[in-house]
Amino acid sequence: MTINLNCDERLDDLGRKGYKLIQNKNAFCFGMDSVLLAAFAKANEEDKCIDLGCGNGIIPILLEARTNAKHIIGLEIQDISVDLAKRSVEYNGLNDKINIVQGDIKEASSIFGAATFDVVTSNPPYMNENHGLKNPQDVKAIARHEILCTLDDLAREASKLLKVNGHFFMVHRPHRMIEIFSTLTKYKLEPKRVRLVYPFKDKEANMILIEAVKGANSMVKVMEPLIIYEEQGKYTKEVYDLYQA
């Protein structure tokens, strides 16, 4: 399929099923965290999934490639990202499996209804300090900072959207771990599986992957660490395999 790319756009190969993603350098381009989250998340054949704050559609498309989920919705508020995601879904011929919806995470349960989904995923803004932002309405600032949606908003809506025993998968920063766990349990999302991600084995963790289950009992499994690089510029085998078809 041919596609006309707009100014500042590029077409990136995702290394899965031949899928490609349209990205715009002026918007927020996906990174390692989205790839890791899509690999960490699980979905069964009949599951209905939603990605909250889907950006350019990277997680819905990777979830479709990696799982047998019945249907996947991506919810995104920013015009430019919605356009990119919709065009990527169409380019990959996934209109029957993925829907991109423009809307506010804070209103997600009103848009889709309560107890509608089996799986919720999110790679949310990590930063809750917005001081010194030159332009709080900038596309990249909104993706990185809790300007339009807070951690509390996300947990509340994820819980409302999920069926009992539904699964919530997210990636975030380790320095907010206590706040994350407290907020999740506040909304009956019980952390069940946690994995810390380290850039190198001798460096501090810079990401955390979390699976929580709605209405579950309190018991969490801490998985083995995930190391990204063996040495500068060389992925570990586990990470290298994540990028292979």
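# Helix contacts and salt bridges

Author: Leu-151, Asp-152 and Ala-155 in H6 meet Glu-179, Ile-180, Thr-183, Leu-184 and Lys-186 in H7, where contact means heavy atoms within 4.5 Å. The residues of this contact of H6 with H7 divide into 4 nonpolar, 1 polar and 3 charged (Ala, Val, Leu, Ile, Met, Phe, Trp, Tyr, Cys and Pro count as nonpolar, Asp, Glu, Lys and Arg as charged, and the others, Gly among them, as polar). The model is predicted, so local features need pLDDT of at least 70 and side-chain atom pairs count only at pLDDT 80 or more, while totals for chains, interfaces and linings use all residues. Residues are numbered from 1 along each chain as its sequence is written, and side-chain values use heavy atoms, with hydrogens and water left out.

Reader: How do you know how the axes of H6 and H7 are placed relative to each other?

Author: The axes of H6 (residues 151-161) and H7 (residues 177-186) come within 9 Å and cross at roughly 35°. Axes are lines fitted to C-alpha atoms, for helices over the stretch in contact, with angles running from 0 to 180 degrees between N-to-C directions. The helices themselves are DSSP runs of H or I with at least four residues, strands are runs of E with at least two, and both are numbered from the N terminus.

Reader: What makes the crossing of H6 with H7 left-handed or right-handed?

Author: A crossing is left-handed if the near helix is turned anticlockwise from the far one by less than a right angle, and right-handed if clockwise. H6 passes H7 in a right-handed crossing.

Reader: Why is Leu-151 called buried?

Author: Buried means under 20% relative accessible area, exposed over 50%, and partly exposed in between (1.4 Å probe, protein chains only). Leu-151 has a relative accessible area of 5%, and is therefore buried. Leu-151 is found in helix H6, and its C-alpha atom is separated by 8.3 Å from that of Pro-125, 26 residues apart along the chain.

Reader: What makes Lys-17 and Glu-64 a salt bridge?

Author: A salt bridge is a side-chain nitrogen of Lys or Arg within 4 Å of a carboxyl oxygen of Asp or Glu. The N to O value for Lys-17 and Glu-64 is 3.9 Å, and the pair qualifies. This pair links distant parts of the chain, 47 residues apart: Lys-17 lies in the loop between strand E1 (9-13) and strand E2 (20-24), and Glu-64 in helix H2 (residues 58-66). By this rule the count comes to 19 salt bridges.

Reader: Which salt bridges does Arg-156 form?

Author: Arg-156 pairs with Asp-153, the closest N and O atoms being 3.1 Å apart, and with Glu-157, at 2.9 Å. Because Arg-156 and Asp-153 are 3 residues apart in helix H6, about one helical turn separates them. Asp-153, Arg-156, Glu-157 and Lys-160 are linked in a network of salt bridges. Asp-153 is buried, with a relative accessible area of 12%, and both Arg-156 and Glu-157 are buried.

Reader: Why is H2 described as largely enclosed by the rest of the structure?

Author: In H2, 8 of the 9 residues are buried, so the helix is largely enclosed by the rest of the structure. They are Ile-58, Ile-59, Pro-60, Ile-61, Leu-62, Leu-63, Glu-64 and Ala-65. Helix H1 (residues 32-40) also has 8 of its 9 residues buried, so it too is largely enclosed; Met-32 and Phe-40 are among them.

Reader: How do you know which residues join H1 to H2?

Author: Ser-34, Val-35, Leu-37, Ala-38 and Ala-39 in H1 meet Ile-58, Ile-59, Leu-62, Leu-63 and Arg-66 in H2. By class, this contact of H1 with H2 has 8 nonpolar, 1 polar and 1 charged residues. The axes of H1 and H2 come within 9 Å and cross at roughly 35°, in a right-handed crossing.

Reader: How many helices and strands are there in the protein chain?

Author: The protein chain has 8 helices and 13 strands, and buried residues make up 52% of its 245 residues.
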